[in-house]
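Trainee: Could you help me learn to read a structure like the one shown here? I would like to go feature by feature.

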Amino acid sequence: MVLLAGTMSAGIDGTWYDAHATFYGDMSGGETMKERTNLTLSQSAPTAPSELPTTQLWQHKQIPSSIRSSQLLPMIQKNLLSPPRSIFSFPTHVCPFHVSASSSVPHVESQHEKPNPPQSLSEAVSLFHRAVEDPDSVPSPSCCNSLINNLRKARNYDLLLSVYSKMVGACVFPNFISLSALIESFVNTQKPKSAFGVLGLMIKRGFSVNVYNVNLVLKGFCESGNFDNAMGLFCQMGRNSVLPDRFSYNTLLNGLCKGKRLVEARDLFEAMKAGNCSPNLVTFSVLIDGLCKNGQVEEGLDLFEEMVKNGLDADAVVYSTLINAFCNNGDIERGKELFNEMLEKQVTPNVVTYSCLMHALCKQGKWKEGSEMLNIMTASGVNPDVVAYTVLADGLGKNGRASDAIKVLDLMLKIGEEPNNLTYNVIINGLCKEGLLDDALRILEMMVKKGKKPDVFTYSTLLKGLCGVGKIDEAMDLWNLLLSNEFHVKPDVFTFNFLIQGLCKERRVNDARRIYSTMVKRGFPGNIVTYNILIEGYLNVGKLTKALELWKDAVDLGFSPNSMTSCVMINGLCKMQMLSIAKGLFNKKRASGIRPAVSDYNALMASLCREGSLEQARNLFQEMRNVNLDPDVVSFNILIDETLKAGDIKSSKELLLEMVNMGLVPDSITFSILINRYSKLGQLDEAMSLYEKMVSCGHVPDAVLFDSLLKSYSIKGETKKIISLLQQMADKGVVLDSKITSTILACLCNIKEDLDIKKILPKFSQHTSKGASIKCSDLLMKLNKVHPELQLFVAR
């Protein structure tokens, strides 16, 4: 990272770094590059181990292992019911700077020069105020100007403006440095027009305005979004014998790029090249970043190549910007090529570079490569920061590897890298997605003990998790707590939507409508997502009239039904066996000039397949290709499943090959479909080969898949394979419901005729009658106690 000390204080470099914000926009709270750079330079973090630890986080003393989701409200009320106290930290020193007449920017003074302590400065201001009130003891101009300068050094701009006002009121005239300080104060208090007025005052007082002062005002206009004023001031510079320098161009370029006025930015860039100021690394970096953020990645790459031709060496920031842009566009291979080019040119990647790649890899389901990137980073001497660890934890959680995300948290605590709220939130989210609410609550407890305040995202995630596992009553209790006056976190539109969705999933549409009414009363009008959820809920319970009324209400309130709305309607109509009406809605959408979305085609294809109309589904699939609409993984999954169901193995393999050739990665559902269908067709060797590939790709087989394999092996009398599968299920922590438990016991009965299941089944049946479940390892332990000769127990 090149630190450009020559630019103006908190000026172009500060905003330039801000323009290089980190990559994950789907997660709130990421630091900017500037913050990340400061962290890297100012902290000597311990080197992380080269591999993630295998130790589970639950071994930490601060996490009680007995927490259950039923203890949610008491735990939250005990720890979090009191409103949060505001905590402010004030700097104990400041780094002052002086103005050089020969430069357009301030320079950082020596760290050995110590500014006045805050107490002395406060006393000086108090003395000043007392003095100006006494006409006989007005302080001298040198004292007043010195006080103004010291306040500028301390960056106490509000107090500086107050002192200036009193000073002028006492007829003490400011010198050039005080007026410069006044400009800086107005700029840093977001009053650029007042700063511009000071330029006029300078001229009126007989001072020569220099480029430094104008650059400050330019910065102020750009930061406040007054780009027209900034352009006007820039054009006036040459007319008033103040020639713009490189920092003037870079400041305005940065502002225009941030304001997405890229046409003007490109024109300014061309004017800069034609003039006396040649673009430097900052110039190219700002413009490349602006283009990439606007989706013009190829143009950004062209500019990068122009920069190299001009003899400028790209640094880690420029490479990271391009890598991030390509990865966000899904072109991770181009991102890797640039990464390798960095290494070849001996440009050291920084923590942002690695984090961009980790995020992209995890986003594509390549969590193993993402984890390896962390090891490469530490082996290269780059210390991962909290953002890098959080990116990996989030990626693991979203790929069904919440247990590995916990290991990342464990590693952070071990090496002393403090997790932030976002770190805890992404891990809680990953655990909730996998239905591991008890573990999520342990992390919440730990988060509170570490002094972090859970936010609305934390509680919304927990509420969604509770709804996901069918614990609606507990979700309602949490929602009521969030609505209470004494609780410090208030629900937002996402919280309401999650609860409404959970209620609709349980077919409690009347309760969902009541929650919506409360939502509106509390000032949340909802959004189109809210209406889509409610419409789908009513369709699922067969209330088409109510669903259509909601659609009309949404339109009347100004919400525009989106592609998901029509998809929900089409899908709901298909489920209600109203395929002809669904087709009519689909055709009406197409006739109105609106191209149906992939999800619309998928809903119709799935419905046709359920009716056994495979050929019609194939025709729709081909139509989708004809209108240049690329099928997604779901499209292929629907057809592969129905093709295999019809016994057409050849066509299913062709579809799978076509899917891969399109660059689509088979997901866990793809593998589950193939394994289930091959098992039922008696092709167990093919099924097991796919199972092993599924596991090697990082996908977690579910209970339904194991159920299919167990039944197939039982039919063939493959005792060893059944025992092996059961042990794998226990190792993977598979949770069993009553259906797969019955399958397991039936398989074991076929193996051992005198199996005494009465000693195991009654307790389990009583357990599942409450809607709960049991871990496979727990069931095997119970079976092993009764029949140790089966050797079912897996040591843990």
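Trainee: In which helix is the place of Ser-651?

Mentor: Ser-651 sits in helix α34, which covers residues 649–661. Please keep in mind that this is a predicted model.

Trainee: Is Ser-651 buried or exposed?

Mentor: The cut-off for buried is under 20% relative accessible area. Ser-651 has a relative accessibility of 19%, so it counts as buried.

Trainee: Which residues is Ser-651 in contact with, leaving aside its neighbours within four places in sequence?

Mentor: Those are Arg-618 and Thr-643.

Trainee: How far apart are Val-132 and Val-163 in space, C-alpha to C-alpha?

Mentor: They are 9.9 Å apart in space, while in sequence 31 residues separate them.

Trainee: Now the whole chain, please. How many helices and strands are there?

Mentor: The chain has 41 helices and 4 strands. It has 796 residues, and 49% of them count as buried. Its accessible surface is about 37600 Å², with 52% belonging to carbon and sulfur atoms.

Trainee: And what do the contacts say about residues that are separated in sequence?

Mentor: Take the contacts between residues at least 6 apart in sequence: 64% of them join residues at least 24 apart.

Trainee: How should I read a pair of helices?

Mentor: Look at the distance between the axes and the angle at which they cross. For helix α21 (residues 421–433) and helix α22 (residues 437–449), the axes come within 8 Å and cross at roughly 165 degrees. That angle is over 145 degrees, so α21 is roughly antiparallel to α22. The crossing of α21 past α22 is left-handed. Among the residues that meet there are Tyr-424, Ile-428 and Leu-431 in α21, and Leu-437, Ile-443 and Met-447 in α22.

Trainee: What about helix α6 and helix α7: at what angle do they pack?

Mentor: Helix α6 (residues 157–169) and helix α7 (residues 176–188) pack at about 135 degrees, and their axes are 9 Å apart. This makes α6 oblique to α7. Here too the crossing is described as left-handed, with α6 passing α7. From α6, Tyr-157, Leu-160, Leu-161 and Tyr-164 take part, meeting residues of α7 that include Leu-179, Leu-182 and Phe-186.

Trainee: And aromatic rings?

Mentor: A pair of them is described by the distance of the centres and the angle of the planes. The whole structure has 14 aromatic pairs. In one of them, the ring centres of Tyr-516 and Tyr-531 are 5.6 Å apart and the planes stand at 70 degrees, so this pair is edge-to-face. Tyr-516 belongs to helix α26 (residues 509–521) and Tyr-531 to helix α27 (residues 528–540), 15 residues apart. Both tyrosines, Tyr-516 and Tyr-531, are buried.

Trainee: How is the pair of Phe-621 and Phe-636 arranged?

Mentor: Their pair is edge-to-face, with 5.3 Å from centre to centre and 75 degrees between the planes. Phe-621 is in helix α32 (residues 614–626) and Phe-636 in helix α33 (residues 633–645). Both Phe-621 and Phe-636 are buried.

How values were computed
Residues numbered from 1 in each chain as written. Predicted model: local features only at pLDDT ≥ 70, side-chain atom pairs only at ≥ 80, totals over all residues. Heavy atoms only, no water. Helix = DSSP H or I, 4+ residues; strand = E, 2+ residues; numbered from the N terminus. Buried < 20%, exposed > 50% of the residue type's maximum accessible area, 1.4 Å probe, protein only. Contact = heavy atoms within 4.5 Å. Areas by Shrake-Rupley, 256 points an atom, 1.4 Å probe, with all protein chains shown as cover. Phe/Tyr/Trp six-rings, centres within 6.5 Å; stacked < 30°, edge-to-face > 60°. Axes fitted to C-alpha atoms, helices over the stretch in contact; angles between N-to-C directions. Parallel < 35°, antiparallel > 145°, perpendicular 65-115°, else oblique. Left-handed = near helix turned anticlockwise from the far one by under 90°.
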